[in-house]
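Here is a short briefing on one protein model. Please keep the sequence and the 3D view open as you read.

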Amino acid sequence: MLIFRYLARDLMATTFGVSLALLLVIVSGRFVKYLAEAAAGELDAGILFAVIGYRIPGFLELILPLAFFLGILLSYGRLYVQSEMTIMEACGMSKHRLALYTLIPGLLVALLVAWLSLYVTPAGLRKAETIFSAQRERGDLESLMARHFHPLQGGKVVTYTEEVSKDGEMKDVFLAENNPDAEDGHNLVLVVAETGHQRRAEGEPSYLVLERGYRIQGVPGAADYQITRFEEYGQRLSKPSPQRRREKVDTLPTGELLGSDQTPKAAALQWRLSVPVLVLVVSLMAIPLSRTDPRQGRFARMLPAVLLYIVYLVMLNGARGMAEDGKISALMGLWGVHLVFISIAFTLFYWSWLLGWFRQRVEARKSARVGGEGLVG
């Protein structure tokens with residue numbers, strides 16, 4: 001029990017450190033992407049942290065299996081390099097007991113991943129998708145930012161303002177409209193105004209109302225233009241078209257996926273069940289892969305081990321894609337991949353025994369052949 005606590009504590013501490021590092025990398029990359037969209041006016045800056053928070057369970061769902069896999073490689077690799085594992089084996093620690101001591105914390109990680117995969121991640125994705133849908137349905141001026149050119153009416157009109165107050169009041173407003181199909185030939189309209197605001201009434205179109213300014217209409221490069229001074233000028237805004245929300249399978253509750261005969265839902269259900277199993281399978285693979293010679297160092301087998309993990313995950317994802325397309329059964333496709341890598345795990349685990357058995361068979365055949373030739377002679 002003392003050895004188990006020592007191994008489990010070291011393993012979980014390493015897993016936590018690797019998880020934290022991977023989570024910071026992924027969250028930082030996604031936050032930069034959302035920040036760029038907010039800078040372009042596509043997203044409201046106030047929702048960034050909420051969206052990231054709702055997406056974190058989905059990140060952890062895929063990070064934890066890899067972190068536990070790397071945790072075994074790093075933790076046990078250190079024990080082999082420092083000869084601690086050799087001393088444990090000399091004191092009676094068999095590889096089966098080591099596998100048992102590894103699978104106990106692995107089962108806890110798998111249960112955590114199952115909770116995230118089956119319940120928390122879909123709920124978080126639904127919240128995030130609701131926020132994104134609300135952002136897509138915003139009006140033309142909802143994302144207006146000071147000192148930024150902002151397109152209106154699908155790019156036909158461009159506006160600019162030096163300052164925007166909290167209540168939406170704009171100061172020093174510039175508006176440009178290009179209408180090449182104008183009947184009078186005056187295809188460019190420029191409007192400058194001291195202030196502006198959005199006027200909305202229920203059941204009626206919204207307007208950008210500009211106050212105390214000038215409207216200049218004419219043809220660029222020609223002297224034929226008109227200047228009109230106004231106290232109030234209204235520019236009609238396009239009404240945001242309601243987005244037809246497409247149901248995403250990953251956002252559906254797990255209970256809704258159970259018993260469904262639709263291939264995307266069946267594939268999503270099997271994927272959610274496969275991620276916890278992934279933790280246990282890679283745990284078995286990591287135990288023999290972590291065995292290193294002290295002269296080689298603890299990172300000797302890290303690269304092939306990570307490549308094997310990537311192949312496993314890519315094959316699972318590929319099987320899900322084929323199942324969603326109806327090319328294979330979701331149950332047989334994803335669990336067939338698991339069976340392949342369970343076989344690889346047991347092959348790696350019993351590699352030394354299998355190699356010894358094969359050598360014995362070869363030696364026995366050689367001995368029988370030599371004995372037969374001696375009798376003939």
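Arg320 is buried, at a relative accessible area of 11% (buried means under 20%, exposed over 50%, partly exposed in between, with a 1.4 Å probe and protein chains only). This is a predicted model, in which local features need pLDDT of at least 70, side-chain atom pairs count only at pLDDT 80 or more, and totals for chains, interfaces and linings use all residues. Residues are numbered from 1 along each chain as its sequence is written, and side-chain values use heavy atoms, with hydrogens and water left out.

**Salt bridges**

- A salt bridge here is a side-chain nitrogen of Lys or Arg within 4 Å of a carboxyl oxygen of Asp or Glu. By this rule the count is eight.
- Arg320 forms a salt bridge with Asp250, with the closest N and O atoms 2.7 Å apart. The pair links distant parts of the chain, 70 residues apart: Asp250 sits in the loop between β6 (225-236) and α5 (254-257), and Arg320 in helix α7 (residues 302-324). Helices (H or I, at least four residues) and strands (E, at least two) are DSSP runs, numbered from the N terminus.
- Asp250 is partly exposed, with a relative accessible area of 37%.
- Which residue meets Glu194 in a salt bridge? The partner is Arg212, at 3.0 Å from N to O. Glu194 lies in strand β4 (residues 188-199) and Arg212 in strand β5 (residues 207-218), so the pair ties together parts that are 18 residues apart in sequence.
- Glu194 counts as partly exposed at 43% relative accessibility. Arg212 also counts as partly exposed, at 36%.
- Arg229 and Glu231 form a salt bridge, with their closest N and O atoms 3.3 Å apart. Arg229 is exposed, with a relative accessible area of 56%. Glu231 counts as partly exposed at 48%.
- A network of salt bridges links Asp10, Arg78 and Glu84.

**The sheet**

- Six strands form an open sheet in the order β1-β2-β3-β4-β5-β6, with antiparallel pairing. Two strands pair if DSSP finds at least two bridges between them.
- The edges are β1 (150-152) and β6. Each has a single partner strand, so one side of each is left without a neighbour in the sheet.
- On average, neighbouring strands of this sheet are turned by 25 degrees against each other, direction ignored.
- Strand β3 (residues 170-178) is joined to β4 by eight bridges, and the two run antiparallel. Phe174 stands opposite Val192 in β4.
- How many bridges join β4 to β5? There are eleven, and these strands run antiparallel. Val189 has Gln217 in β5 as its bridge partner.
- Eleven bridges also join β5 to β6, again antiparallel. Leu210 has Tyr233 in β6 as its bridge partner.
- The hairpin of β5 and β6 has six residues between the strands. There, Gly221 takes a positive phi near 90 degrees.
- In a regular strand, side chains alternate between the two faces of the sheet.

**Helix packing**

- Helix α6 (residues 263-289) and helix α8 (residues 330-349) pack at an angle of about 5 degrees, with their axes 9 Å apart. Axes are lines fitted to C-alpha atoms, for helices over the stretch in contact, and angles run from 0 to 180 degrees between N-to-C directions.
- That makes α6 roughly parallel to α8 (under 35 degrees is roughly parallel, over 145 roughly antiparallel, 65 to 115 roughly perpendicular, and the rest oblique).
- The residues of the contact of α6 with α8 divide into 22 nonpolar, three polar and no charged. Nonpolar covers Ala, Val, Leu, Ile, Met, Phe, Trp, Tyr, Cys and Pro; charged covers Asp, Glu, Lys and Arg; the others, Gly among them, are polar.

**Aromatic pairs**

- A search of the whole structure finds six aromatic pairs. Rings of Phe, Tyr and Trp (its six-membered ring) pair if their centres lie within 6.5 Å; planes under 30 degrees apart are stacked, over 60 edge-to-face, and the rest tilted.
- The rings of Phe4 and Tyr101 have centres 5.4 Å apart and planes at 55 degrees, so the pair is tilted. Phe4 is in helix α1 (residues 2-39) and Tyr101 in helix α4 (residues 95-136), 97 residues apart. Both Phe4 and Tyr101 are buried.
- The rings of Tyr34 and Phe132 have centres 5.8 Å apart and planes at 55 degrees, so this pair is tilted. Tyr34 is in helix α1 and Phe132 in helix α4, 98 residues apart.
- Tyr34 counts as buried at 5% relative accessibility. Phe132 counts as buried at 15%.
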